[in-house]
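Student: Hey, could you walk me through this structure? I'd like to start with how the chains touch.

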Amino acid sequence: MHHIIESGNVAAATGVKLSRAQVIAAYPITPQTPLTEKLSEFVESGELDAEYIPVESEHSAMAVCIAASTAGTRAFTATSANGLLYMNEQLHWAVGARLPVVMCVANRGVGAPWTVWNDQQDSMSQRDVGWIQLYANDHQQIIDSVIKAFRLAQTVSVPVMVCYDGYLLSHTYMPFEQPDQQKVDAFLPSFTPKHFLNPEEPGNFNTVTLPDIRPGVSGAIEPGYIEIRHNLHQDLRGALDAYKEIDEEFAQEFGRGGNPFVEQYKCDDAACVAVCIGSLSYQLRDVIDSLRQEGIKVGVMGVQMYRPFPDEAIVEALADKSSVVVFEKALSYGNQGPLYGDIKSALYSCSSRPRIQNYILGLGGREIQTQQLMDALRRCCSSPDAIEDTPRWIGLKL
Amino acid sequence: MAEKEYCKMISRSTPGPGDGGRTGSWRVLRPIIDNDKCIPAKTGKKSCFNCWLYCPDCVVSKTIPPTIDLEYCKGCGICAEECPADAIEMVSEASQNVEEK
Amino acid sequence: MRKDIIEIRWHGRGGQGAITAAKIVANGAFVSGFKGVVMAPTFGTERRGAPVFTSLKIAKDKIYDLSPITTPDMVVVLDHTLLDEVDVAAGLKDDGLVVLNAPGAASDYSFAGARVAVADVTAHGVAAGLPPGIVNSGIIGAFSKATGLVDIDVLVKAIEQEFVGKKPEKNGAAARIAYDNTSVGEK
């Protein structure tokens, strides 16, 4: 077992190196920058045999990845916050073009006002685009998820973003195991994409589609926009099973995993379950332990795959609970927390369902104190009738 | 209909000293102006004031002679670089502190 | 909350290598059997000379809580000139310890009755043959002597691994000299 103590960014970069990415195009942005720097060191030293293409913006970074992926190579980029949004148009393109690009997002709040600190609004605001979204709770999950992401992307032909909390994970150091290169090569063989630019078979990719289907040059009926997008959605739903299998295979090979959709802690006999995404789900474990010592039966569940939304796993975990508390570092402004809304929607048709309270916290890196989490959970557990349909906020100071 | 006030908060700061804290404590090198070489000081006339103009932190006064606000001067050395009379020397902060003590 | 986590806060100035020092101790602790190790630097904008701090938590079992240290068990100060600007002992637990790079004796420094350990790491670095101002290797020796948490031999090895290509033996020597010359005061 080869453990190293390094930062989350280095864990991500190491995952990319082990996955033998072939083209890397990235633009630096806090708090992702050390990831790109480490990758360029790997390429410079020869440890990673890849083309590292410095670009002048994130929009170009994704454009280069789209081109590289279309040419049949394994492409990677990384970004954060405003950088992710700068490439938003290209995100839609990459997924509509069904390209298996993998990207890391170091979660950071979005301007205005300006911030460099952690929240999850950046990737959350992109949940409707069609990219697969995986979230890591610690450094081991970062490196493992990157490897699994490349495998999933090439299996279902959908791009995947692996997200992890900026600073809280990107810049903290903790021990993690570096998987063995040979084992990764066996798990993630080189692949030939289904569709790629090939001079032997000339073709036009992602040409304009008319509103109605029409015959192509050969006479066969070509799919229209809505058929192509429907196929994307079907494949995303299919990606749930595909990821489950990939995660199982990874667990057998590397001894870790088994929680592709949600990771639960002391939820089995819990009456009340806290739900959140990212490192916060681990921070809540100490809170759960303390409340259990007071006799309150609580548990915490981290959502690992957010898109496609694992509604079956969510319903199975939460339907028979008395109450659920959803802590979120993001907000669908003018409405409610995105995860809260998705969970409520998944539980809507259940004959019995819990009361659900939404908390918004940690925006722009506002410190989340353990005492605040304890108070919020204790209040919801002891007075479930006080649970409201509108989000409550934790940590406001004015 | 009751009047509701909108847009109560945006991020907006008024320029002024101290927004970044007592940044003078970051100094490793301190600028010292030699008034025998400084053009405004020597001539008694308003002259180049390059130090005032180029200081990124606005800690140099446009006075005769120019003075430096050591509460906020970070010791970047741009004033010394831009002075056309070579009147500013960057000296080690540690040596200045020893002298002051 | 968990009582088994040892919380150590490191105070330095940007550029002095507080993060590297904490990382080296983290590595030393990990190979010594502390499976739970989390090190978090100051998050955000920094520059050379500005006060920074780093949090290091160690425990026998994996640590899940990454939130900042509020009540440290120990505080390590790489630069005594920080004492005028930063309340380095803020939140220090009642039986807490301050490890300080400073000239003089432990009794010269007071932190509301806390135990103090002092070593003139700046001088020890020079004695080891390092350029003046390198303190992040020597302070590790003082830390080892004052706390007894991680063996000095383990730490010197971790120092030499971290400083490959950057005078590893001299940095290791600086730690040993500091270790031998750390004066630990009574409470």
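Student: How many residues of chain C are in contact with chain A?
Tutor: Going by this predicted model, 21 residues of chain C are in contact with 25 residues of chain A.

Student: And how much area do those two bury between them?
Tutor: About 2,100 Å² for chain C and chain A, with 67% of it on carbon and sulfur atoms. On chain C's side, Met1(C), Phe43(C) and Tyr64(C) lose the most area to chain A, and together they make up 31% of what that side buries.

Student: OK, what about charges? How many salt bridges are there across the interface of chain C and chain A?
Tutor: Two salt bridges turn up there. One of them pairs Glu6(A) with Lys23(C), where the closest N and O atoms are 3.2 Å apart. There are also four residue pairs in polar contact across the interface of chain C and chain A.

Student: Which elements of chain C give two or more residues to that side?
Tutor: Helix H1 (18-31) and strand E2 (36-40) of chain C. H1(C) gives the most, with five residues. By class, the side of chain C that touches chain A has 13 nonpolar, three polar and five charged residues.

Student: Now chain B. How many of its residues are in contact with chain C?
Tutor: Four residues of chain B, and they are in contact with seven residues of chain C. The area buried between chain B and chain C is about 440 Å², and carbon and sulfur atoms give 57% of that.

Student: Switching topic: what's the strand order in the seven-stranded sheet of chain A?
Tutor: The order is E3-E2-E4-E5-E7-E6-E14 in chain A, and this open sheet has mixed pairing. Strands E3 (51-54) and E14 (305-307) of chain A are at the edges with a single partner strand each, so one side of each has no neighbour in the sheet. On average, neighbouring strands of this sheet are turned by 20 degrees against each other, direction ignored.

Student: Do E2 and E4 of chain A run parallel or antiparallel?
Tutor: Parallel: two bridges join strand E2 (residues 23-26) to strand E4 (residues 75-79) of chain A. In E4(A), Ala75(A) is the bridge partner of Val23(A).

Terms used:
Residues numbered from 1 in each chain as written. Chains lettered and ligands numbered in written order. Predicted model: local features only at pLDDT ≥ 70, side-chain atom pairs only at ≥ 80, totals over all residues. Heavy atoms only, no water. Contact = heavy atoms within 4.5 Å. Buried area = accessible area lost by both parts, 1.4 Å probe. Pairing = 2+ DSSP bridges. Helix = DSSP H or I, 4+ residues; strand = E, 2+ residues; numbered from the N terminus. Axes fitted to C-alpha atoms, helices over the stretch in contact; angles between N-to-C directions. Salt bridge = Lys/Arg side-chain N within 4 Å of Asp/Glu carboxyl O. Polar contact = N/O pair within 3.5 Å; in protein donor to acceptor, adjacent residues only side chain to side chain. Nonpolar A, V, L, I, M, F, W, Y, C, P; charged D, E, K, R; others polar.
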